[in-house]
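Reader: Hi, I'm new to this one. Can you put it up and walk me through it?
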Amino acid sequence: MRVGSGRAHSAAVNLRRAVFATFGVALVVAVEAVPRSLSSSASPVLVGYSVLIWAAIPALVTFGVAGLATLTRDVELPMWLVAVVAGLATATWVTWGVGDPWGSLYGLMLGLGGASAGVSSAAGWPVPVRLFATAAIAVATSLLVGLVSAG
């Protein structure tokens, strides 16, 4: 955490990290929705709808925390912390939204996958490697959710 580097610089860094974390969550949610949408006639609509209902609120929470950190303390949050905020917001939102014991497990898996994908999307690797790693995490999360829900 860097302190006192200038509020504008801190805001730019925190918002960029929030974008990466939100991208990770949205990608995990979208990839997880694809298998369910294949059985539907409105597949792209279902994927978009899933991203809208499951990733929008966690995105707002993530951007809100990043913005508040800048406004109140003028700090640059580490990427892992921003991704954890996005993952926790996703897990909490999905758990509440589904509302049964399966929702807790479903939310936890999506939250962990989203946080991991967010960290990998902002890693210091070349862009193709970051994109591949982020997509691999999203696919692995989708497969894990599918295996758990089928069992």
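Reader: Which hand is the crossing where α1 passes α5?
Author: Right-handed. Keep in mind that this is a predicted model.

Reader: What angle do α1 and α5 pack at, and how far apart are their axes?
Author: The angle is about 45 degrees, and the axes are 8 Å apart. Helix α5 covers residues 127-150.

Reader: What do you call that arrangement of α1 and α5?
Author: Oblique. Angles under 35 degrees count as roughly parallel, and 65 to 115 as roughly perpendicular.

Reader: Which residues make the contact between α1 and α5?
Author: From α1, they are F20, F23, L27, V28, V31, E32 and P35. From α5, they are R130, T134, A135, A138, V139, T141, S142 and V145.

Reader: How many of the residues in the contact of α1 with α5 are nonpolar, polar and charged?
Author: There are 10 nonpolar, 3 polar and 2 charged residues.

Reader: Which residues is E32 in contact with, leaving aside neighbours within four places in sequence?
Author: Y106, L110, S142 and V145.

Reader: Now α4. At what angle do α1 and α4 pack?
Author: About 130 degrees, with the axes 7 Å apart. Helix α1 is residues 7-38 and helix α4 is residues 101-121. That angle makes α1 oblique to α4.

Reader: Which residues of α1 and α4 make the contact?
Author: On α1, F20, A21, F23, G24, V25, V28, E32 and R36. On α4, Y106, L110, G113, G114, A117, G118 and S121. By class, that contact has 8 nonpolar, 5 polar and 2 charged residues.

Reader: Which hand is the crossing of α1 past α4?
Author: Right-handed.

Reader: Let's stay on α4. Is G107 buried or exposed?
Author: Buried, with a relative accessible area of 0%. G107 lies in helix α4.

Reader: What is G107 in contact with, beyond neighbours within four places in sequence?
Author: A91, V94 and T95.

Reader: How far apart are the C-alpha atoms of G107 and V28?
Author: They are separated by 12 Å. Along the chain, G107 and V28 are 79 residues apart.

Reader: Which residues make the contact of α2 with α3?
Author: I53, W54, I57, P58, V61, T62 and V65 come from α2. V82, V85, A86, A89, T90, W93, V94, G97 and V98 come from α3. They divide into 13 nonpolar, 3 polar and no charged.

Reader: Is P44 buried or exposed?
Author: Exposed, at 63% relative accessible area. P44 is in helix α2, residues 43-73.

Reader: Where is D74, then?
Author: In the loop between α2 and β2. D74 is buried, with a relative accessible area of 13%.

Reader: What is phi of D74 near?
Author: Near 55 degrees. That is a positive value in a residue other than glycine.

Reader: Last stop, strand β2. Is V75 buried or exposed?
Author: Buried, at 8% relative accessibility. V75 is in strand β2.

Reader: What does the side chain of E76 make a polar contact with?
Author: The side chain of H9, at 3.1 Å. E76 is in strand β2, residues 75-76, and counts as buried at 6% relative accessibility.

Definitions and conventions
Residues are numbered from 1 along each chain as its sequence is written. This is a predicted model: local features need pLDDT of at least 70, side-chain atom pairs count only at pLDDT 80 or more; totals for chains, interfaces and linings use all residues. Side-chain values use heavy atoms; hydrogens and water are left out. Helices (H or I, at least four residues) and strands (E, at least two) are DSSP runs, numbered from the N terminus. Buried means under 20% relative accessible area, exposed over 50%, partly exposed in between (1.4 Å probe, protein chains only). A polar contact is a pair of N or O atoms within 3.5 Å; within protein, one must be able to donate a hydrogen and the other to accept it, and residues adjacent in sequence count only if both atoms are side-chain atoms. Contact means heavy atoms within 4.5 Å. Ala, Val, Leu, Ile, Met, Phe, Trp, Tyr, Cys and Pro count as nonpolar, Asp, Glu, Lys and Arg as charged, and the others, Gly among them, as polar. Axes are lines fitted to C-alpha atoms, for helices over the stretch in contact, and angles run from 0 to 180 degrees between N-to-C directions. Angles under 35 degrees count as roughly parallel, over 145 as roughly antiparallel, 65 to 115 as roughly perpendicular and the rest as oblique. A crossing is left-handed if the near helix is turned anticlockwise from the far one by less than a right angle, and right-handed if clockwise.
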